[in-house]
Amino acid sequence: NKADSAGSAVTKTLSKVSLSSDRHSNTNNNSLEAILKRIGFTIFQEIQDLGYFSFQPITKKPGKITSHKEIIKRLRTHDVQPDSIHEMERLKQQLPLDFLQNMKRHVLPQSHPPGAYFGVPVHVALYHRNLGAEWKDKLTFCLGGSTLDVLANQKIKKKDTYVGARIVGTNIIMICKHSPYNMNLNDVGFQFERWVTGKQLNDRHSTELMDHIQLMQVGSHYCLFGADCDATHQGAPVEIKTTDPKQWKTKTMFQMISSGSQHLVYGKKAKGGTRLLDVQILSLEEVASRSSKHRHGEMERNIVSGLDQLRACWDDLGQDDYEMKSLHFEEGSWRLKRFNKPVTPPTEVLRQLMSAPSQS
């Protein structure tokens with residue numbers, strides 16, 4: 001059980017973790033928290049790395065799921081390890097590299113996010129990473145990979161929708177992006193991802209979602225982050241990108257923070273995007289220096305105030321309100337509106353998921 005043993009080897013159970021100032025003064029200089037402090041962020045405090053899990057998406061409409069067992073059988077928490085980045089010098093010897101242009105589309109539908117994935121990171125944390133039942137009440141948020149960027153910039157693009165709901169049986173609000181789309185796993189970006197992990201460009205891409213989960217304190221809130229993990233580098237999560245760095249802005253930086261990635265593997269393409277010219281490994285600090293423009297103080301104030309406002313909104317609704325809400329930033333504050341689309345499994349299915357350890 002690599003994922004479970006890694007979690008226990010690297011960290012202790014939360015009941016034994018001290019959140020005192022002494023612990024933070026002894027933070028490892030190479031830890032994510034220390035890197036973030038060097039960048040200029042002071043609100044993030046690492047508590048526990050909870051390892052990896054994988055989830056095979058369910059294509060049926062989430063409202064049609066009748067039992068938590070349908071979710072459990074798609075979940076792997078044992079012996080889960082993302083692919084690792086290949087030796088950089090060997091990769092560079094293969095450059096320039098032409099991407100394949102005539103591959104048959106390999107489409108992974110994402111028509112009902114968050115779908116069956118809703119609540120899964122919390123289930124894994126509680127029942128496979130020894131957090132303990134008391135953290136059903138201590139945890140305040142479960143956040144996806146791009147939520148921090150939305151909070152930091154107080155802006156949601158018109159084409160995007162962010163939704164959230166209280167997870168039944170807990171005090172946890174899960175917030176994630178709801179933007180239906182189809183992923184072509186033979187696009188250039190996925191070809192590059194296969195190549196840097198030692199595979200062939202035309203290999204069939206896995207449809208499993210590989211996630212890294214970590215527990216952090218953000219301001220006064222205990223937050224569980226569940227974010228997509230592209231691969232690992234030197235044993236730690238790493239982000240992989242072929243898009244022009246000018247397009248990254250702050251989103252890529254916050255994706256890296258959410259996934260616990262300290263490095264990004266960047267594939268530089270020629271004009272036209274069909275030929276790979278170079279591959280580089282950039283640190284989180286380098287990515288931040290390209291994007292954040294010394295707005296760290298403003299952005300972290302926005303993150304903390306956003307979490308505070310959203311928590312207050314949900315607390316006003318009451319402990320028994322499990323309806324999905326959409327997030328909106330209007331007139332200087334965050335607001336919730338009713339979201340009528342069925343994008344999660346039924347409440348009773350989620351209650352089962354949050355109350356019974358799985359056998360995965």
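How many helices and strands does the secondary structure of the protein chain come to, and where is Val-120 found?

Mentor: The model is a predicted one. Its protein chain has a secondary structure of 13 helices and 16 strands. The radius of gyration is 20 Å, close to the 21 Å that the globule rule gives for 360 residues, so the chain is as compact as a globular protein of that length. Along the principal axes, the C-alpha trace spans about 60 × 50 × 45 Å. Among contacts with a separation of 6 or more, 73% join residues 24 or more positions apart. The accessible surface comes to about 16700 Å², and carbon and sulfur atoms account for 46% of that area. As for charge, the mean positions of the 48 positive and 38 negative charges lie 5 Å apart.

Against this background, Val-120 belongs to helix α6, which covers residues 120-128. Burial applies to 52% of the 360 residues of the chain, and Val-120 counts as buried because its relative accessibility is 1%, under the 20% cut-off. Leaving aside residues up to four places away in sequence, Val-120 touches Phe-53, Phe-55, Ile-71, Leu-75 and Leu-353. Leu-307 provides a further point of reference: 187 residues separate Val-120 from Leu-307 in sequence, and their C-alpha atoms are 21 Å apart in space.

Key: Residues numbered from 1 in each chain as written. Predicted model: local features only at pLDDT ≥ 70, side-chain atom pairs only at ≥ 80, totals over all residues. Heavy atoms only, no water. Helix = DSSP H or I, 4+ residues; strand = E, 2+ residues; numbered from the N terminus. Rg over C-alpha atoms; globule rule 2.2 N^0.38 Å. Buried < 20%, exposed > 50% of the residue type's maximum accessible area, 1.4 Å probe, protein only. Contact = heavy atoms within 4.5 Å. Areas by Shrake-Rupley, 256 points an atom, 1.4 Å probe, with all protein chains shown as cover. Lys, Arg positive; Asp, Glu negative; His and termini not counted. Charge placed at Lys NZ, Arg CZ, Asp CG, Glu CD.
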